[in-house]
Amino acid sequence: MSVIIYHNPRCSKSRQTLALLEENSIQPEVVEYLKTPVDAATLDSLISKLGFESAHQLVRNKETIYKELGLSKDSDEQTLRKAMIENPKLIERPIVVKGDKAALGRPPESVLEII
C-alpha cells in the first residue's frame, strides 16, 4: 500500500518526517501541497482519515494569514475549509496517509503508528 506525505520542504518537522519514512525504507509519494493545493474533497478526506471532528484541528492558527482573513476559533466549518483550500499555508503539516489512515507528523514519530 502506498504512502503519501503532504510536505512543505521549508518546514523542519516536515523534513524530519520525510527522513523518518525514508529511514524506515518507505519511499512515499511527496505532495508539496503549497505548489499543488488540495481540493475540497481531499481536505475532507484528510480531516476524516486523521480522525478529526473539525477543520479547526488541522488549521495553523498562528499564521499571519489566519488573522488577516479574520478567522478565529468561532469561524464556521465552511468558512475555515474554504480558507484552507484557498490558502494552503493554513494547513498543518506534515500529513502522512496510508490507506484509510492518516497521521500528523507532530512529532514526526507519530506517523510510525500508521505505517
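Colleague: To begin with the helices, are α2 and α4 roughly parallel or roughly perpendicular to each other?

Modeller: Before I answer, please note that this is a predicted model, in which local features need pLDDT of at least 70 and side-chain atom pairs count only at pLDDT 80 or more, while totals for chains, interfaces and linings use all residues. Residues are numbered from 1 along each chain as its sequence is written, and side-chain values use heavy atoms, with hydrogens and water left out. Helices (H or I, at least four residues) and strands (E, at least two) are DSSP runs, numbered from the N terminus. Axes are lines fitted to C-alpha atoms, for helices over the stretch in contact, and angles run from 0 to 180 degrees between N-to-C directions. Angles under 35 degrees count as roughly parallel, over 145 as roughly antiparallel, 65 to 115 as roughly perpendicular and the rest as oblique. Here helix α2 (residues 40-49) packs against helix α4 (residues 77-86) at about 115°, the axes being 10 Å apart. The two helices are therefore roughly perpendicular.

Colleague: Which residues of α2 and α4 make the contact?

Modeller: Contact means heavy atoms within 4.5 Å. On α2 the residues are A40, L43, D44 and I47, and on α4 they are R81, M84 and I85. They divide into five nonpolar, no polar and two charged, where Ala, Val, Leu, Ile, Met, Phe, Trp, Tyr, Cys and Pro count as nonpolar, Asp, Glu, Lys and Arg as charged, and the others, Gly among them, as polar.

Colleague: What is the order of the strands in the sheet?

Modeller: In general, strands of a sheet pair through backbone hydrogen bonds, either parallel or antiparallel. Two strands pair if DSSP finds at least two bridges between them. In this model an open sheet of four strands has the order β2-β1-β3-β4, with mixed pairing. β2 and β4 stand at the edges with a single partner strand each, so one side of each has no neighbour in the sheet. On average, neighbouring strands are turned by 20° against each other, direction ignored.

Colleague: How many bridges join β1 to β2, and how many join β1 to β3?

Modeller: Strand β1 (residues 3-7) runs parallel to strand β2 (residues 29-32), and four bridges join them; I5 stands opposite V30 in β2. With β3 the pairing of β1 is antiparallel, over four bridges, and Y6 has I95 of β3 as its bridge partner.

Colleague: Which peptide bonds are cis?

Modeller: A cis bond joins R93 and P94, with omega about -15°; P94 is in the loop between α4 and β3 (95-98). The bond from R106 to P107 is also cis, with omega near 0°, and P107 is in the segment after β4 (101-104).

Colleague: What is the phi of S25, and where is the residue?

Modeller: Its phi is near 60°, a positive value in a residue other than glycine. S25 is in the loop between α1 and β2.
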